[in-house]
Amino acid sequence: MSDSPRQTIVKGGLVVTARGLERADVLIVDGVVAEIGSFESGHDDADVLPAEGCYVLPGGVDFHTHMDSVFRGSIRTADDFATGTAAAVAGGTTTIIDFCRAAPGETLAEALDQWRRRVVEQRPWADYGAHMVLVQPDDDTLSQLSSLPDLGVTSIKMYLAYPGRMMSDDRALLRAMQSAAASDLLVLVHAENGHAIQVLVEDALSAGHTEPAWHAKSRPTVTEAEAVSRSAVLAQLAGARLYVVHVSSAAALSEIERARATGTDITAETCSHYLVFDDSMVDGVPKEVASRFVCSPPTRDLDDQNALWEALGHGTLDVLSSDHCPFALQGEKIVEGDFTHIMNGLPGVEQRLAIAYQGVVNGQYSMERMVEFVSTTPARLAGIHPKKGELAVGSDADLVILDPHATTVLSAATHHSAADYLPYEGMEVAGRVTRVLLRGTTVYVDGSVLPENRQGTYLHRSASHQPTGETR
Ligand code: URP
Ligand code: ZN
Ligand code: ZN
């Protein structure tokens, strides 16, 4: 057996680095980027992967996915870490940060240990890390937060929605923020006012409104904006770093800008589906169609959608995530009874990069800016940069080759997720991911994931770093 280093050259692509776009070759040695330059000779043993005419990007980092997750007590998302990360790499995402939640009586360390064992058994294709979900943490649980960084977890997540299931009250949120601040943990918040929504749902049902469109109508943008504003105030009180997940509206964006202007340490994401779908997907269409688009917060109007594209471009939004959370079409999305029985969430981990790239094609932002919000900034926030999220000497050779001259038709017939439908069904988009490398090894090429190269590993995250003035 030879012990000479494994060498690969990705040749002649338009490489996105921190310096910008440059036509270059990328030399990979033993899974790590060794050099970015021009190599005409001297590496005769290297495998050569042609990338002429294509972009070469750092692998995508998806900061918000729900693989193998149970909601409403017993309903599991359609993808586990096997199918979900096959979908991720097929779409150019080589790292996901998912969620771990302790069962009653379990410590956070025990929960993470169980979670890690389960993910290993499922043999993921992408590298992965975890956010820790808290609901109503008691003093004992709060005291355990200081143990998380040693376990490689540097963020917690709380829901201000879903009363009686996942929702945290303000006391729990503020106490958790104080403990998080003491241990330098980032605090993720699902910002919707759960109790206000509960009242509006009760009113809708009393008036006989049962159709899926009333899921959205009972969650108006003000319920999102209020929760953003409230969590920003509490984060400032606690001195915590706040990250708002799945921002969907212009009203919420205004609250983020306001909080930032008053010195709150706040970052935020939107998700691919809010860039593509609007409220016409659910309003005035048959239940069988509308149910496919039900998520929380709901898809909004076209003004909100335009505001999100702009905010990604100019930096009010820091990250584009997928919030990949697929459920089976029959019985989970299309249900008997009223809209409250529809499972909330959409697939999208495989389509995130494709949708982000449409903004480059449409002139919304540059390729370099896109790489920041799909890869570099989530890697910084996850505490895994510069190993992930950047093509630089010494970083993991997680690479995406994107052919701008090809197109992709998004469809459940060809996707790698186990979801039995795709809300993006039939959309034709510019560009195609042709090859994806994880730590120097091809995991996806020309439509197929390669089972022999399945090697996703747990990422021991460091304290996260907020994007600075340069990156925002
Ligand atoms: O509708 C959504 N977003 N489902 C996933 C769970 C969550 O709220 O993030
Ligand atoms: Zn959420
Ligand atoms: Zn989510």
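Student: Leaving aside its neighbours within four places in sequence, which residues is histidine 209 in contact with?

Tutor: Contact means that heavy atoms lie within 4.5 Å, and in this predicted model histidine 209 has such contacts with Ala204, Trp214 and Phe339. The model's local features need pLDDT of at least 70 and its side-chain atom pairs pLDDT 80 or more, while totals for chains, interfaces and linings use all residues. Residues are numbered from 1 along each chain as written, chains are lettered from A and ligands numbered from 1 in written order, and side-chain values use heavy atoms, without hydrogens and water.

Student: How far apart are histidine 209 and phenylalanine 339 in sequence and in space?

Tutor: They are 130 residues apart in sequence, and from C-alpha to C-alpha they are 8.7 Å apart in space.

Student: Where is histidine 209 placed, and why does it count as partly exposed?

Tutor: Histidine 209 is in the loop between α5 (194-206) and α6 (213-217), where helices are DSSP runs of H or I of at least four residues and strands are E runs of at least two. Histidine 209 counts as partly exposed because its relative accessibility is 26%, between the limits for buried (under 20%) and exposed (over 50%), with a 1.4 Å probe and protein chains only.

Student: Is histidine 66 buried or exposed, and where does it lie?

Tutor: Histidine 66 is buried, with a relative accessible area of 4%, and its place is in the loop between β6 (60-62) and β7 (70-71).

Student: Which residues does histidine 66 touch, not counting those up to four places away in sequence?

Tutor: Histidine 66 touches Phe71, Thr77, Asp98, Phe99, Lys157, Tyr159, Asp323, His324 and Cys325.
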